[in-house]
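This report describes the fold of a single protein chain and then turns to a pair of charged side chains.

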Amino acid sequence: MKITFKQVGSLPKEITSESTVDDNVITLSAVLTPKKQHNILFEGNMRGVAEVTCDLCATPFALDIDENIVLNLTDRTFSHEEDALPEIDTIECPPGIINIDEIITSEVYLLTSDYHKCKQCNNTEEEFSSSTN
(Lines give C-alpha, C1' and ligand atoms only; values in the text may rest on other atoms or scores of the structure.)
Protein backbone atom coordinates (compact mmCIF):
# COMPACT_ATOMS: atom_id res chain seq x y z
CA MET A 1 0.00 0.00 0.00
CA LYS A 2 1.29 3.42 -0.95
CA ILE A 3 -0.07 6.80 0.12
CA THR A 4 1.08 10.21 -1.07
CA PHE A 5 1.63 13.12 1.27
CA LYS A 6 -1.15 14.94 -0.62
CA GLN A 7 -3.61 12.13 0.15
CA VAL A 8 -3.01 12.64 3.87
CA GLY A 9 -4.15 16.25 3.54
CA SER A 10 -4.36 18.55 6.56
CA LEU A 11 -6.35 16.26 8.89
CA PRO A 12 -5.29 12.98 10.52
CA LYS A 13 -5.86 9.96 8.27
CA GLU A 14 -6.49 6.45 9.60
CA ILE A 15 -5.14 3.50 7.65
CA THR A 16 -5.12 -0.28 7.99
CA SER A 17 -2.85 -2.49 5.93
CA GLU A 18 -1.97 -6.15 5.80
CA SER A 19 1.40 -7.24 4.48
CA THR A 20 3.24 -10.54 4.12
CA VAL A 21 6.81 -10.61 5.41
CA ASP A 22 8.69 -13.91 4.97
CA ASP A 23 5.39 -15.85 4.69
CA ASN A 24 4.02 -14.19 7.87
CA VAL A 25 0.94 -11.96 7.71
CA ILE A 26 1.36 -8.70 9.62
CA THR A 27 -1.45 -6.18 10.17
CA LEU A 28 -0.82 -2.50 10.74
CA SER A 29 -3.32 0.09 11.97
CA ALA A 30 -2.04 3.65 12.02
CA VAL A 31 -2.92 7.32 12.09
CA LEU A 32 -1.02 9.73 9.84
CA THR A 33 -1.06 13.26 11.26
CA PRO A 34 0.44 16.23 9.37
CA LYS A 35 2.84 18.13 11.65
CA LYS A 36 4.80 20.55 9.46
CA GLN A 37 4.75 21.35 5.77
CA HIS A 38 7.00 18.39 4.91
CA ASN A 39 6.40 16.12 7.93
CA ILE A 40 3.80 13.55 8.95
CA LEU A 41 3.62 11.89 12.36
CA PHE A 42 3.03 8.15 11.92
CA GLU A 43 1.52 6.46 15.01
CA GLY A 44 0.50 2.85 14.64
CA ASN A 45 0.30 -0.66 16.00
CA MET A 46 1.63 -3.72 14.22
CA ARG A 47 0.31 -7.22 15.01
CA GLY A 48 1.09 -10.67 13.75
CA VAL A 49 3.48 -13.58 14.17
CA ALA A 50 7.01 -13.95 12.84
CA GLU A 51 9.22 -17.02 12.77
CA VAL A 52 12.51 -16.52 14.67
CA THR A 53 15.28 -18.77 15.93
CA CYS A 54 16.34 -19.09 19.56
CA ASP A 55 19.81 -17.59 19.91
CA LEU A 56 20.78 -20.17 22.56
CA CYS A 57 19.56 -23.52 21.20
CA ALA A 58 18.79 -22.65 17.54
CA THR A 59 15.20 -23.91 17.78
CA PRO A 60 12.75 -22.02 15.55
CA PHE A 61 9.66 -20.61 17.25
CA ALA A 62 6.81 -18.18 16.62
CA LEU A 63 7.29 -14.66 17.95
CA ASP A 64 4.05 -12.81 18.69
CA ILE A 65 4.26 -9.24 17.43
CA ASP A 66 2.24 -6.48 19.07
CA GLU A 67 4.34 -3.35 18.64
CA ASN A 68 3.51 0.33 18.78
CA ILE A 69 5.33 2.35 16.14
CA VAL A 70 5.93 6.11 16.16
CA LEU A 71 7.79 7.64 13.22
CA ASN A 72 8.38 11.00 11.61
CA LEU A 73 7.90 10.82 7.83
CA THR A 74 9.37 13.52 5.60
CA ASP A 75 9.00 14.03 1.86
CA ARG A 76 12.42 15.58 1.38
CA THR A 77 16.01 14.98 2.39
CA PHE A 78 16.09 14.95 6.18
CA SER A 79 17.34 18.16 7.76
CA HIS A 80 17.87 17.75 11.50
CA GLU A 81 17.18 21.41 12.24
CA GLU A 82 13.97 21.67 10.18
CA ASP A 83 12.45 18.19 10.24
CA ALA A 84 13.31 16.65 13.59
CA LEU A 85 10.55 15.68 15.97
CA PRO A 86 12.09 15.04 19.41
CA GLU A 87 13.15 11.42 20.03
CA ILE A 88 11.32 9.99 17.01
CA ASP A 89 13.01 8.07 14.18
CA THR A 90 12.64 9.72 10.77
CA ILE A 91 12.02 8.01 7.45
CA GLU A 92 12.58 9.89 4.19
CA CYS A 93 9.77 9.31 1.68
CA PRO A 94 10.84 10.96 -1.56
CA PRO A 95 9.08 11.87 -3.81
CA GLY A 96 6.28 12.28 -1.27
CA ILE A 97 5.13 8.65 -1.36
CA ILE A 98 4.71 6.70 1.89
CA ASN A 99 5.26 2.99 1.26
CA ILE A 100 3.40 1.27 4.10
CA ASP A 101 4.61 -2.22 3.06
CA GLU A 102 8.24 -1.07 3.33
CA ILE A 103 7.60 0.35 6.80
CA ILE A 104 6.00 -2.93 7.94
CA THR A 105 8.84 -5.02 6.48
CA SER A 106 11.49 -2.78 8.02
CA GLU A 107 9.88 -2.89 11.47
CA VAL A 108 9.43 -6.70 11.34
CA TYR A 109 13.08 -7.18 10.37
CA LEU A 110 14.10 -4.85 13.18
CA LEU A 111 12.17 -7.00 15.68
CA THR A 112 13.31 -10.37 14.30
CA SER A 113 16.99 -9.35 14.22
CA ASP A 114 16.92 -8.82 17.98
CA TYR A 115 18.14 -11.42 20.52
CA HIS A 116 15.48 -14.11 21.11
CA LYS A 117 15.12 -17.02 23.54
CA CYS A 118 12.57 -19.80 23.26
CA LYS A 119 10.41 -20.70 26.28
CA GLN A 120 12.59 -23.68 27.15
CA CYS A 121 15.80 -21.61 27.28
CA ASN A 122 14.01 -18.80 29.09
CA ASN A 123 12.82 -21.24 31.78
CA THR A 124 16.24 -22.86 32.07
CA GLU A 125 17.95 -19.53 32.70
CA GLU A 126 15.29 -18.49 35.22
CA GLU A 127 15.79 -21.74 37.15
CA PHE A 128 19.56 -21.35 37.02
CA SER A 129 19.51 -17.74 38.23
CA SER A 130 17.06 -18.51 41.07
CA SER A 131 19.21 -21.45 42.30
CA THR A 132 22.33 -19.28 42.50
CA ASN A 133 20.73 -16.59 44.69
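## Fold and charged pair

From the N terminus onward, the elements of the protein chain follow the order β-α-β-β-β-β-α-β-β-α-α. This amounts to four helices and seven strands. The model is a predicted one.

Of the 133 residues in the protein chain, 35% count as buried. The chain exposes about 8,500 Å², and carbon and sulfur atoms supply 48% of that area. Among contacts between residues at least 6 apart in sequence, 50% join residues that are at least 24 apart.

**The sheet and the helix across it**

Five strands make up an open sheet, ordered β2-β3-β4-β5-β6, with mixed pairing. Its edge strands are β2 (13-21) and β6 (89-92), each of which pairs on one side only. From one strand to the next, the twist averages 35°. Within this sheet, strand β4 (residues 39-53) and strand β5 (residues 60-74) run antiparallel and are joined by 15 bridges.

Helix α3 (residues 100-112) lies across β2, β3 (24-36), β4, β5 and β6. Relative to β2, helix α3 runs at about 60°.

Which residue of β5 is the bridge partner of arginine 47? The partner is aspartate 66. The two residues also meet through their side chains, in a salt bridge with an N to O distance of 3.6 Å. Because arginine 47 lies in strand β4 and aspartate 66 in strand β5, the pair ties together parts that are 19 residues apart in sequence. The count of salt bridges in the model comes to one.

| Residue | Relative accessible area | Class |
|---|---|---|
| Aspartate 66 | 44% | partly exposed |
| Arginine 47 | 47% | partly exposed |

The class follows from the cut-offs: buried means under 20% relative accessible area and exposed means over 50%, with partly exposed in between. Aspartate 66, at 44%, is therefore partly exposed. Arginine 47, at 47%, likewise counts as partly exposed.

Taken together, arginine 47 and aspartate 66 are linked in two ways: as bridge partners, and through the salt bridge between their side chains.

Conventions. Residues numbered from 1 in each chain as written. Predicted model: local features only at pLDDT ≥ 70, side-chain atom pairs only at ≥ 80, totals over all residues. Heavy atoms only, no water. Buried < 20%, exposed > 50% of the residue type's maximum accessible area, 1.4 Å probe, protein only. Contact = heavy atoms within 4.5 Å. Areas by Shrake-Rupley, 256 points an atom, 1.4 Å probe, with all protein chains shown as cover. Pairing = 2+ DSSP bridges. Axes fitted to C-alpha atoms, helices over the stretch in contact; angles between N-to-C directions. Salt bridge = Lys/Arg side-chain N within 4 Å of Asp/Glu carboxyl O.
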